[in-house]
Amino acid sequence: VRRRPDGGNYLSSTNAANETNTWIHIVATIDSANGKIYKNGQLDTTVADSSALPATSTRSYYLIGKSLTADTYSGRYFNGTVAYVRIWHGTVLDATQVSTLYDNRPSIVVPIPDHEFMFYGATTLDGLADTYDSSITVTNYGATLSANGAVFDGVDDYLDLTPWEIGPIFSFEVYFKWDSFPSEDGPRIFDFFTYQDPGTDI
């Protein structure tokens, strides 16, 4: 999870997603002072950073299963299954809320998210609508459905979401399982990004 424009800190963890063939629950929360990663309901990593936050805007790319640079660099596609993805705008979930989400997955707890992509139990991927905003839909590029969610081959499968406005303070939840790790760093489960000039991100 990257929480800043170029020059800012990264929010990352070496053990938040280091297992294959095991379902993992991750929540990342971002605010004006800290970024936190929770793994399976427990706090894993905290990064303090008070540098300037990016503006609220509609990002150019919202992808599940690939990095924006996957077409240029190898090893940047996700190989595994994603059950669901949720995003809360302007809300930083606390430790109790994260623990309750984990204990009750895949059920929702208060506060209700702004966006949810529920692949678990879905009947199709292409055209699947955001649970809370039906104007936002999924365009599927090769991923398949299993009983557990959207399955990505790690080679060229990904989902492209209708862009929406998102601010710098938010919480993100994903429940997923790696089948295998890429030979190089850089795969993405969820990537959102705005290009201004080549190499400049927000």
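Biologist: Which residues form one aromatic cluster here?

Modeller: In this predicted model, Phe-78, Phe-152, Phe-176 and Trp-178 make up one aromatic cluster.

Biologist: What makes Phe-78 and Phe-152 an aromatic pair, and why is the pair called edge-to-face?

Modeller: Their rings sit 5.9 Å apart, centre to centre, with 65° between the planes. Phe-78 belongs to the loop between strand 5 and strand 6 while Phe-152 belongs to strand 10, so the pair ties together parts 74 residues apart in sequence.

Biologist: How do you know whether Phe-78 is buried or exposed?

Modeller: Buried means under 20% relative accessible area. Phe-78 comes in at 0%, so it counts as buried. Phe-152, at 1%, counts as buried too.

Biologist: And why is the pair of Tyr-84 and Tyr-175 called tilted?

Modeller: There the planes are 35° apart, with 5.9 Å between the centres. Stacked would need under 30 degrees and edge-to-face over 60, so tilted is what remains. This pair links strand 6, which holds Tyr-84, to strand 13, which holds Tyr-175, 91 residues apart.

Biologist: What lies over the face of Tyr-84?

Modeller: That's Arg-86, 4.3 Å from the ring centre.

Biologist: What makes Arg-86 and Glu-116 a salt bridge?

Modeller: The N to O distance is 2.7 Å, and the cut-off is 4 Å, so the pair qualifies. Arg-86 sits in strand 6 and Glu-116 in strand 7, 30 residues apart. Arg-86 also forms a salt bridge with Glu-173, with the closest N and O atoms 3.0 Å apart.

Biologist: What are Arg-86, Glu-116 and Glu-173 linked in?

Modeller: A network of salt bridges. Arg-86 and Glu-116 are both buried, and Glu-173 is buried as well.

Biologist: How many salt bridges does the structure hold?

Modeller: Four. One of them joins Lys-39 to Glu-19, whose closest N and O atoms are 2.8 Å apart. Lys-39 lies in strand 2 and Glu-19 in the segment before strand 1, so the bridge ties together parts 20 residues apart in sequence.

Notes. Residues numbered from 1 in each chain as written. Predicted model: local features only at pLDDT ≥ 70, side-chain atom pairs only at ≥ 80, totals over all residues. Heavy atoms only, no water. Salt bridge = Lys/Arg side-chain N within 4 Å of Asp/Glu carboxyl O. Helix = DSSP H or I, 4+ residues; strand = E, 2+ residues; numbered from the N terminus. Buried < 20%, exposed > 50% of the residue type's maximum accessible area, 1.4 Å probe, protein only. Phe/Tyr/Trp six-rings, centres within 6.5 Å; stacked < 30°, edge-to-face > 60°. Lys NZ or Arg CZ within 6 Å of the ring centre and 35° of its normal.
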